[in-house]
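Subject: Structure handover

Hello,

Here is the structure for your files. My notes follow below it.

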Amino acid sequence: MTLQPVFADLHVHIGRSDSGQPVKISGSKNLTFRSIAQEASERKGIALIGIIDCHSPAVQADIRTSLESGEMTEIAGGGIRYRNTTLLLGAEMEVRDEGGGPYHLLGFLPDLQAMEAWTEWLKPRVTNVNLSSQRVRSSGRELQRELVSRGGLLAPAHVFTPHRGLLGCSADRLADRLDPEGIAAVELGLSADALMAGRLSELDRYTLLTNSDAHSTGMIGRECNELLVAEPSFDELRLALRRDSGRKVLANYGLHPQLGKYHSSYCVACETALPSGSPEACPNCGGTKLVRGVSGRVDQLADRAEGMLPPHRAPYRPQAPLSFIPGVGPKMRERLLAEAGTEMEVLHRASEEALAAVAGERIASLIVAAREGRISFTAGAGGAYGKIGGA
C-alpha cells in the first residue's frame, strides 16, 4: 500500500451545535462539526482533523444528521469522511489528582458507537456532559485504563502550560499521573517546541504532537502535524504514533514557541513579561504573584542542559500562521486563500513570487522568512500571544 504525506490537526473545539447548544463556552459560535469539516477540507488543506468535543450528545446528534443525509460517511479505518478530510472523534477531559493542579487529557475513539459509549461512562462522573473539557471525577490512571481498554488513544494536552498542563501545573513527571505504557503521544502546546521537550529524557520515547487547540475556524491549523500514512484514518494515526509499518510523523509544524501565550513568565502585579529563567519574585516590582512561563517550567524539570532529539523524532518546523503576519487582515487572508491555495500551501509550499502576485512583496517576504526561520519575535506571556518583529 502506498504511503502519502497528509496534514493533521488533532485538537479543534466545537463552539455550538447546529441547534445552538453551547459546547465550548469560549469557542466561536461558528465552530460546528460541519463548519470545521468544511474549513479543514476546503480552505486549510488538512486531511485529518481531531474534533475533541464529540462526547457531547448535542454534537453526536449533528454527526448522526450528517451521516444520515449522506453528506459524511464513516470509514472502515475509523473516522468520518467529508470530501478531502477525515474527522476523528475525540474528547478533552480535565482531571485533578491529589497533590497537583488540574490537567487536560485528549482521548480519541475510532467511531461514533465507541464515542457514545464513552459518553455513557462520563455522564455520572461530570457535572455537564454536554460541555467541553469538563472535570472528570476520576483519577488520571483510571480514565486512561478505561479509554485504552475501549481501543482509544490518549495524549496529555498542552503538556507544559501553566494552566491545565500535566507537567505545567500537576506533576514533575508523566509517570506520576499516568501509566507510561498507555500514553499514545504527547502534545507540546503553543509555547514549547521539540528542543524544549528534548531536555526531559522521560519524553524521549513518545511521538510529539503539535495541534492548534483552535477556538475559531481561522485558528485551525495554526499548529499541525505532517503524517506519512496510507490514508487519513484512526487506524493509520495509531500506526503513525507508534512509528509502525513505515507510518510516522514526518514533521511537527508549530508556532515558534515565543509566539505562544505562556512562553515567558509574567508578573500579575505590574503586568510585565519577565526575563528567562524561573524567578521567585518580579525584578521590576518585587511582586511574587507570577504566572510561570513554559520556558521557566522546562528549566525546572529538565535533566539535560540542552535539548536532545531522539533518532525517531520528527523535525520541528516553526510556523507563523497568517493571523500573525503583519499586514494580513481578514480581507488579505481571503485573497491569499482564494488565489494562492489552502493555508498550508500558502505557509509552506507556495513560491515567494506567487505570494507576491497576490499580497505584494513585503507580505510575501515575511511569509517566506517565517517559513525559513529568519524572523525575530517578541515573546508571549501571561495569556497574550507573542508578536513577529515586535509588530
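Predicted model: local features only at pLDDT ≥ 70, side-chain atom pairs only at ≥ 80, totals over all residues.

Among contacts in the protein between residues at least 6 apart in sequence, 68% link residues at least 24 apart. Contact here means heavy atoms within 4.5 Å. Residues are numbered from 1 along each chain as its sequence is written, and side-chain values use heavy atoms, with hydrogens and water left out.

Overall dimensions

The radius of gyration is 20 Å. A compact globule of 391 residues would have a value near 21 Å, so the two agree. The radius is taken over C-alpha atoms, and the globule rule is 2.2 Å times the number of residues to the power 0.38. Along the principal axes, the C-alpha atoms fill a box of roughly 60 × 55 × 45 Å.

The protein has twelve helices and 17 strands. Both are DSSP runs, numbered from the N terminus: helices are H or I with at least four residues, strands are E with at least two.

Surface and charge

Of the 391 residues, 58% count as buried. Buried means under 20% relative accessible area, exposed means over 50%, and partly exposed lies in between (1.4 Å probe, protein chains only).

Start with β6 (103-109). Seven of its seven residues are buried, so the strand is largely enclosed by the rest of the structure. In a regular strand the side chains alternate between the two faces of the sheet. Both faces of β6 are covered: Y103, L105, G107 and L109 lie on one side, with H104, L106 and F108 on the other.

β5 and β6 run antiparallel, joined by seven bridges. Two strands pair if DSSP finds at least two bridges between them. E94 stands opposite H104 in β6. Strand β7 (residues 153-156) is also antiparallel to β6, through four bridges. There, L106 has A155 as its bridge partner.

P102 sits in the loop between β5 (85-95) and β6. The proline is buried, at 10% relative accessible area. Beyond its neighbours within four places in sequence, P102 is in contact with E94, V95, R96, R135, R164, G165 and C169. Its C-alpha atom is 24 Å from that of G254, which is 152 residues away along the chain.

The three-stranded sheet

An open sheet of three strands has the order β13-β12-β14, with antiparallel pairing. β13 (272-273) and β14 (290-291) stand at the edges with a single partner strand each, so one side of each lacks a neighbour in the sheet. β12 (residues 266-267) pairs with β13 over two bridges. Y266 stands opposite A273 in β13.

Helix α8

Helix α8 (residues 294-301) is mostly covered, with six of its eight residues buried. They are V294, S295, G296, R297, V298 and L301. These buried residues pack against α5 (166-170) and α6 (194-197).

Loop residues to look at

H158 has phi near 30°, a positive value in a residue other than glycine. H158 lies in the loop between β7 and α5. At 9% relative accessibility, H158 counts as buried.

D213 also has positive phi, near 50°, and is not a glycine. D213 is in the loop between β9 (208-209) and β10 (224-229). It counts as buried at 17% relative accessibility.

Is S19 buried or exposed? S19 counts as exposed, at 66% relative accessibility. S19 belongs to the loop between β1 (4-12) and α1 (33-44). S19 and R374 are 355 residues apart in sequence, and their C-alpha atoms are 46 Å apart in space.

Best wishes
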